[in-house]
Amino acid sequence: MTALEPPGPGTGRPSRQRPRHGRRTALWLVAALLVALFFSLTARLFIWSAYNAAHDVHADAVVVLGGPGPRWQVALELAREHAAPVMLVSVASVQWDCPPNDLPGVQIECFRPGPDDTRGEARFAASTARANGWHSLIVVASVPQATRARVRFKRCFSGTLYVVPAKPDLGTWAYEVVYEWGALAKALVWQRGC
């Protein structure tokens, strides 16, 4: 063997190449870790996100976001507990109409946000809060939407914010979680302002 020949098989010197099965195992391990990280983040952001219990929360107004799930039922529970004297109800969703105002001691105001999404709802609620001198809001959102709702509202409203969850129907969880990944990315990367 000359000084220019690389060591390798048959030369009596050990090869520095890793066995193929070692690389494959490392790739599987990295892939498994990435999948575990993805599912952990999904659970933390969209299933067990930071939200407040519906009981013993009081604010200047309740904001009911448009969309699927039993949001109105959660808002009614808050009204019965006298959580706030005013309820702002987003009728952004085509399936929603303004509910009748049959809640004693609660003023209901329905609105169509512009744009017709959570960002528009946050803008409307914050501007209404400023106009009325409100310092606290309760936002009723679906469980998967709670993280994004908190991000959107904190950008527009500087007061105390409570996010109360409404659990979606079991059949819509998968769709809502997939949707929320895209919507949260949009909120964090492309639409960073109020």
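Visitor: Which residues form a nonpolar patch on the surface?

Guide: Patches are made of residues with over 30% relative accessible area and no salt bridge, where like charges are joined within 9 Å and nonpolar side chains (Val, Leu, Ile, Met, Phe, Trp, Tyr) within 5 Å. A salt bridge is a side-chain nitrogen of Lys or Arg within 4 Å of a carboxyl oxygen of Asp or Glu. Accessible areas come from the Shrake-Rupley method with a 1.4 Å probe, and for residues only the protein chains shown count as cover. Here the patch consists of Val30, Leu34 and Leu37, with about 290 Å² of accessible area together.

This is a predicted model, in which local features need pLDDT of at least 70 and side-chain atom pairs count only at pLDDT 80 or more, while totals for chains, interfaces and linings use all residues. Residues are numbered from 1 along each chain as its sequence is written, and side-chain values use heavy atoms, with hydrogens and water left out.

Visitor: Where is valine 30 found?

Guide: Helices (H or I, at least four residues) and strands (E, at least two) are DSSP runs, numbered from the N terminus. Valine 30 lies in helix α1 (residues 20-47). With a relative accessible area of 46%, valine 30 is partly exposed; buried means under 20%, exposed over 50%, and partly exposed in between (1.4 Å probe, protein chains only).

Visitor: How many residues of strand β4 are buried?

Guide: In β4 (residues 136-142), 7 of 7 residues are buried. Ser136, Ile138, Val140 and Ser142 are buried on one side, and Leu137, Val139 and Ala141 on the other.

Visitor: Which strand is joined to β4 by 7 bridges?

Guide: Two strands pair if DSSP finds at least two bridges between them. The strand with 7 bridges to β4 is β5 (residues 160-166), and the two run parallel. Serine 136 stands opposite threonine 160 in β5. From β4 the chain crosses through helix α4 (residues 146-156) to β5, in a right-handed β-α-β crossover: with the strands pointing away from the viewer, the path from the first strand over the helix to the second runs clockwise. Strand β1 (residues 61-64) also pairs with β4 in the parallel sense, over 4 bridges, and valine 64 has valine 140 as its bridge partner in β4.

Visitor: Which cysteines does a disulfide join?

Guide: A disulfide is a pair of cysteine sulfur atoms within 2.5 Å. Cysteine 156 is joined to cysteine 194, S to S 1.9 Å. The pair links distant parts of the chain, 38 residues apart: cysteine 156 is in helix α4, and cysteine 194 is in the segment after α5 (173-190). The disulfide is right-handed, because the torsion about its S-S bond is about 110°.
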